[in-house]
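My notes follow the display.

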Amino acid sequence: MLNPGMDTRPTASTSAAAESPFSFISKGWREDLRLIRSRANSFKNLADRELENFLNSAPTTRPLVANASIAELEFVKRIQPKLSEIRRAYSSPEFSRKVMEKWSPRTAIRIDLSEIRKAIVAEVDEFGGVRRKVTWMGKQEDEGKEWELMRRLKKGLKELEKKSQSSEILGSFKSSEFVEKLKLSLRSICKEPQESKDVPPLDLPELLAYLVKQSEPLFDQLGIRRDLCDRLVEALWSRRKDHLVYHSLSASEASLLGNENMTDELDLRIASVLQSTGHHYEGGFWNDYAKRDNLDEKRHFAIVTTASLPWMTGTAVNPLFRAAYLAKSAKQDVTLVVPWLCKSDQELVYPNSTTFSSPEEQEAYIRNWLEERVGFKADFKISFYPGKFSKERRSIIPAGDTSEFISSKEADIAILEEPEHLNWYHHGKRWTDKFNHVVGVVHTNYLEYIKREKYGAIQAFLVKHINNLVTRAHCHKVLRLSAATQDLPKSVICNVHGVNPKFLKVGEKIAAERECGQQAFPKGAYFLGKMVWAKGYRELIDLLAKHKSDLEGFKLDVYGNGEDSHEVQSAAKKLNLNLNFLKGRDHADDSLHGYKVFVNPSVSDVLCTATAEALAMGKFVICADHPSNDFFKAFPNCLTYKTPEGFVARVKEALASEPQPLTPEQRYNLSWEAATQRFMEYSELDKVLSSHNSKPREDGWQSNKLKLISLPNASDVLDGGLAFAHYCFTGNEILRLATGAIPGTRVYDKQHCRDLHLLPPQVQSPVYGW
């Protein structure tokens, strides 16, 4: 503060001293005003730009759309009061005062500027009036500019309110990108999709099409062909499909829908209608969802088969190789589950009177046999379940619930080798309830064998429907090795078997010898197989007997052992056929390498392993033109015939020429590496594993598909009902015996308990419902 009693007239010395501090204060004031002005200008420019962009987002001459939707008009009406309220708030003096207070420079020390002003006025009065005019006029101009900002803002809001009352703002506002984004945001927040209100209801043709589609399992059981049902569904669905507009689908979903087949379109249509109603299916009476949750763990494959080494049958050898090559990738843990026979049964089944006193001893035999042929150490587990040998059926029947011998911790993916055989008398937990994914592999054409028996037609009819029932109830996917098998539900045809790597090495060795000019095949023709009539011996004797004169001088060596050995040899001797019968031996035996032609007239096989092995060794193969041999027709050394005369011609052709060496691609197609790749693809296990490793998608299509999965599927309901009926049937010992079951196989016996170190079944399952 200045002292009023002090002499304030400036002198030459004091005026210079006074000019410096007052000039500093005036410069600071001007700097404060400049900052305020720059902040106000920036605010004004920003507001002008946003307002201009908002008003010019669409052509101003666009008229009001006469047929505008009610929802959009309602939306604009709702925001109009908000705009008016915003304008009144921004126009009030109180708002202007608060803005200026907030944007004015703040100081921590309050100074009485009135005295400073007096000093500045006094200083300017002494040195001239020009400075005062410049200073205070500048201040007045600055204040005018800042109030001009508020006036322009008020004017813009008034114009906005006027336009909002007209069709001009409605037309531009509705087409604004901002409005569209705002509506989408509001819909996602409120979770009330407008689309669900626009999903057309189902009409009668759609309901009939879906009813027929869901009833296909029932029609299949009644013998109605599947293609007839598909054509009926397509006819009903196509009437509605051409006129249906999927308002509930997004653009991406519609593009995906165009690539799907008719069945998926109908499923998606049903799912979208149910989703619009808010319905969600939580499961049914038959379902058991207490499955292993292994999303963060390594996957586990359990391969369950009906035979085991040293019985040299396809269901013993091929599952063993499958386990070895699946475990070789180290992407999953593998367990091979094979039957354990008591010593009395081992003597009946295993060749050369081979027996084992413990499962560990048999496991060692199996592993040694395998490692000698694959050339690597297979890291998989071998487990045993109780089994009994049926002399009448010449097969091993499981005793008790086979699924119990796979722990719940390892119950992830099951591969059932011969699923119909495993489940004929299965009285236990449903496989699809315990495992996440169940694949069945059909090895044997049982209907062909049964038709050869007494009353075969009646038995084949019953077995056909039982096979349909058990595979439908216990499998998610079924693989048929060839079209020679029964057409089962959920099945596809694919050869998922390979050959022993040893045979491919033999073929490479023979090809190298031929390149060096050596004679690779000094011997003629041979046949190898289990000596039972159904394995092609009946067809072989008939062909040779009918064309005995045409094949004069043709000698055939026959290798095999079996129940019908005496009858087969007696029939050949009676007809005086030129057949040389020898004991059965391994096809990889050195004594068989020199043969040039392998003859296999069997039409009861599904996929003859011996045929594949002969092709791998570079030999000619003469076989019938039959669905079981479709896979082999792609190889040039496979010579097929349709008539007995064709058989004679093929024999002469093979004996007079040399087989072609296999190409690398042909060798690979015969290998177990290629077979494993085909198995993963056709069983859909590659999709199961990839979906396990990848995160689920969040788009609308995936959401609809997930909804679809949870629909009350009539097929699942029927499968569950069939499984329950089968469980009740197999729980009755009288019904089991009437259908050919071995007595006492509903549970395992005391000998199995001792051999496998099991608790008695009365202790493990003290109460049985059936």
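Predicted model: local features only at pLDDT ≥ 70, side-chain atom pairs only at ≥ 80, totals over all residues.

**Entry 1: Lys388.** I looked up lysine 388 and read a relative accessible area of 16%, so I noted lysine 388 as buried, the cut-off being under 20%. Which side chain does lysine 388 meet in a salt bridge? I found aspartate 749, with 3.3 Å from N to O. Aspartate 749 comes out at 25% relative accessibility, which counts as partly exposed. I then checked where the two sit. Lysine 388 is in strand S3, residues 381-390, and aspartate 749 is in the loop between helix H30 (733-738) and helix H31 (750-756). The pair therefore ties together parts that are 361 residues apart in sequence.

**Entry 2: Glu673.** Next I looked up glutamate 673. Its salt-bridge partner is lysine 328, and the closest N and O atoms are 3.9 Å apart. I placed glutamate 673 in helix H26 (residues 672-682) and lysine 328 in helix H13 (residues 314-328), so this pair ties together parts 345 residues apart in sequence. Are these side chains buried or exposed? I read glutamate 673 as partly exposed, at 36% relative accessible area. Lysine 328 is also listed as partly exposed, at 48% relative accessibility.

**Entry 3: Lys377.** I went on to lysine 377. Lysine 377 and glutamate 371 meet in a salt bridge, 3.8 Å from N to O. I noted lysine 377 as exposed, with a relative accessible area of 70%. Glutamate 371 counts as partly exposed, at 30%.

**Entry 4: Salt bridges overall.** How many salt bridges does a search of the whole structure find? I wrote down 24. I also found a network of salt bridges that links Asp625, Asp630, Lys633 and Lys642. A reminder to myself: side chains of opposite charge can pair when their charged atoms come close.

**Entry 5: Cavities.** Counting cavities of 30 Å³ or more, I got eight. The largest cavity has a volume of about 90 Å³. I looked up its lining and found 14 residues. Those nearest the centre of the largest cavity are Asn495, His497, Gly498, Leu607 and Ala612. Which elements give two or more residues to this lining? I noted helix H23 (609-616) and helix H25 (664-670). By class, the lining of the largest cavity has seven nonpolar, six polar and one charged residues.

Definitions and conventions. Residues numbered from 1 in each chain as written. Heavy atoms only, no water. 1 Å grid on protein atoms, 1.4 Å probe; cavity = no way out; pocket = protein on both sides within 12 Å on 5 of 7 lines; lining within 4 Å. Points joined across faces, edges and corners; volume = space filled by probe spheres on them. Helix = DSSP H or I, 4+ residues; strand = E, 2+ residues; numbered from the N terminus. Nonpolar A, V, L, I, M, F, W, Y, C, P; charged D, E, K, R; others polar. Salt bridge = Lys/Arg side-chain N within 4 Å of Asp/Glu carboxyl O. Buried < 20%, exposed > 50% of the residue type's maximum accessible area, 1.4 Å probe, protein only.
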